[in-house]
Amino acid sequence: QAQPVESGGGSVQTGGSVRLSCTVPRIILSTFSGAAWAWYRQAPGKERELVAEIARGGATSIADSVKGRFTISKDNSRKRVYLQMNSLIPEDTAVYYCYTRMGYSNNEYWGKGTQVTVSS
């Protein structure tokens, strides 16, 4: 099972920063480095939305709502994907999910999510 595991969530005040981390236990480097990765979030009463992604080739994209504040990155040596979130606002409060698509069959896997709460 290649379910991602997120960590790093918590509570922070407006203007603060949080870094989320995602990995898949026991994943081998070639699988990790060749996969596509993304962070989604879901706020209460809202649909899940894409926040940031890294394509298989390494290109990154960020949602307009967080552009300039959030950064996605990947560390192949640690086999981890990060979401650096700066200048947080209450509207960023949500459960953040790590997503990956890997392998020749493009199998998709979701993490269980980590809560980020931003207070004013």
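**Strands, a disulfide and rings**

Mentor: Strands β7 (residues 70-75) and β8 (residues 80-85) run antiparallel and are joined by six bridges. Strands pair if DSSP finds at least two bridges between them; strands (E, at least two residues) are DSSP runs, numbered from the N terminus. This is a predicted model, in which local features need pLDDT of at least 70, side-chain atom pairs count only at pLDDT 80 or more, and totals for chains, interfaces and linings use all residues. Residues are numbered from 1 along each chain as its sequence is written, and side-chain values use heavy atoms, with hydrogens and water left out.

Trainee: Which residue in β8 stands opposite I72?

Mentor: β7 and β8 form a hairpin with four residues between them. In the turn, K79 has a positive phi of about 55°. Across from I72, the residue in β8 is L83.

Trainee: How many residues apart in sequence are the parts that the pair of C22 and C98 ties together?

Mentor: The whole structure has one disulfide, meaning a pair of cysteine sulfur atoms within 2.5 Å. This disulfide joins C22 to C98, with S to S at 2.0 Å. C22 lies in strand β3 (residues 18-23) and C98 in strand β9, so the parts tied together are apart in sequence by 76 residues.

Trainee: Are C22 and C98 buried or exposed?

Mentor: Buried means under 20% relative accessible area, exposed over 50%, and partly exposed in between (1.4 Å probe, protein chains only). By that rule, C22 and C98 are both buried.

Trainee: What is the angle between the planes of Y40 and Y99?

Mentor: Rings of Phe, Tyr and Trp (its six-membered ring) pair if their centres lie within 6.5 Å; planes under 30 degrees apart count as stacked, over 60 as edge-to-face and the rest as tilted. The count is four aromatic pairs. Y40 and Y99 make an edge-to-face pair, 5.8 Å centre to centre, and the angle between their planes is 70°.
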